[in-house]
Amino acid sequence: MRIDILTLFPEMFAGPFDASIIARAREAGVFEIALHNPRDYTDDKHHVVDDYAYGGGPGMVMKPEPIFECVEAVRAMAEPSGRVVLLTPQGRVLNHEVVEELSREDRLILICGHYEGVDERVREHLVDDEISIGDYVLSGGEPAAIVVVDAVARHQPGVLGSDLSLEEESHAQGLLEYPQYTRPAVYRDMPIPDILLSGHHAEIARWRRHQSVLRTARRRPDLLANADLTPEERRLAEEETATD
């Protein structure tokens, strides 16, 4: 998979993309990331990418010309031309289903907005999708792009050590992940649950599933409406929410 990122501040990506899972995926050739600065597609000596808003108002707006010309040039650099995504608080909220959808693309082109946003013509005539990572405002789209890339990278074959990691983590099955423990079995008089030492894998799986249901009921009961639960699990969740 290839992801192209249009950003006014490419230096913001140096650390996150040069370490951990993303770095290993890039080194293995599974995942390709390219950064592009719209300032390079301006035709004035000051490389201006923003201007005052028509009609007045505070702040500046990103101009359409550098964005259009940058995207068009980037699309011509590789095949396929790619899905263009604007990172904006006005977009659809990123969740597990949206990440899975994006991860099936062969190529994404992410536009990092700044200032008061982008000229509306970019939304109407250039962008294929708009994504928000939550109901809050950031100083720019760069942190959002890092989140999108990290989430999407995990879904690429060979990036994680085991495909089971994707299946069992929070939100993958509509539930939060069960509690995890490692050695030592007892630390400062705090023992791990006995079931995890039993060696009964079926019982451990059942315990973990129930813990996922209970934890979701306590922390994110809103997720239960769309979760695929058995009648017993639904009863557990209802009992848990009733006691809160």
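**The sheet and its helices**

Guide: In this predicted model, leucine 6 stands opposite isoleucine 111 in S6. Leucine 6 belongs to strand S1 (residues 2–6), and S1 pairs with S6 in the parallel sense over 5 bridges.

Visitor: Which are the edge strands of the open sheet?

Guide: The open sheet has 5 strands with parallel pairing, in the order S2-S1-S6-S5-S7. An edge strand pairs on one side only. The edge strands are therefore S2 (32–36) and S7.

Visitor: What angle does the direction of H5 make with that of S6?

Guide: H5 packs on the sheet and touches S1, S2, S5, S6 and S7. Its direction makes an angle with that of S6 of about 160°.

Visitor: Why do the buried residues of H3 line one face of the helix?

Guide: The buried residues of H3 (residues 96–103) are His96, Val98, Val99, Leu102 and Ser103. An α-helix has 3.6 residues a turn, so residues three or four places apart point the same way. Seen down the axis of H3, the buried residues line one face because they fall within an arc of 160°.

Visitor: Which residue caps the N-terminal end of H3?

Guide: The backbone nitrogen of glutamate 97 lies 3.2 Å from a side-chain oxygen. The residue that supplies this oxygen, and caps the N-terminal end of H3, is asparagine 95.

Visitor: What is the handedness of the β-α-β unit that S5, H3 and S6 make?

Guide: S5 and S6 pair in the parallel sense over 5 bridges, and the buried residues of H3 pack against strands including S5 and S6. The β-α-β unit of S5, H3 and S6 is right-handed.

Definitions and conventions
Residues numbered from 1 in each chain as written. Predicted model: local features only at pLDDT ≥ 70, side-chain atom pairs only at ≥ 80, totals over all residues. Heavy atoms only, no water. Buried < 20%, exposed > 50% of the residue type's maximum accessible area, 1.4 Å probe, protein only. Helix = DSSP H or I, 4+ residues; strand = E, 2+ residues; numbered from the N terminus. Arc of directions from axis to C-beta. Contact = heavy atoms within 4.5 Å. Polar contact = N/O pair within 3.5 Å; in protein donor to acceptor, adjacent residues only side chain to side chain. Pairing = 2+ DSSP bridges. Right-handed = clockwise from strand over helix to strand, strands pointing away. Axes fitted to C-alpha atoms, helices over the stretch in contact; angles between N-to-C directions.
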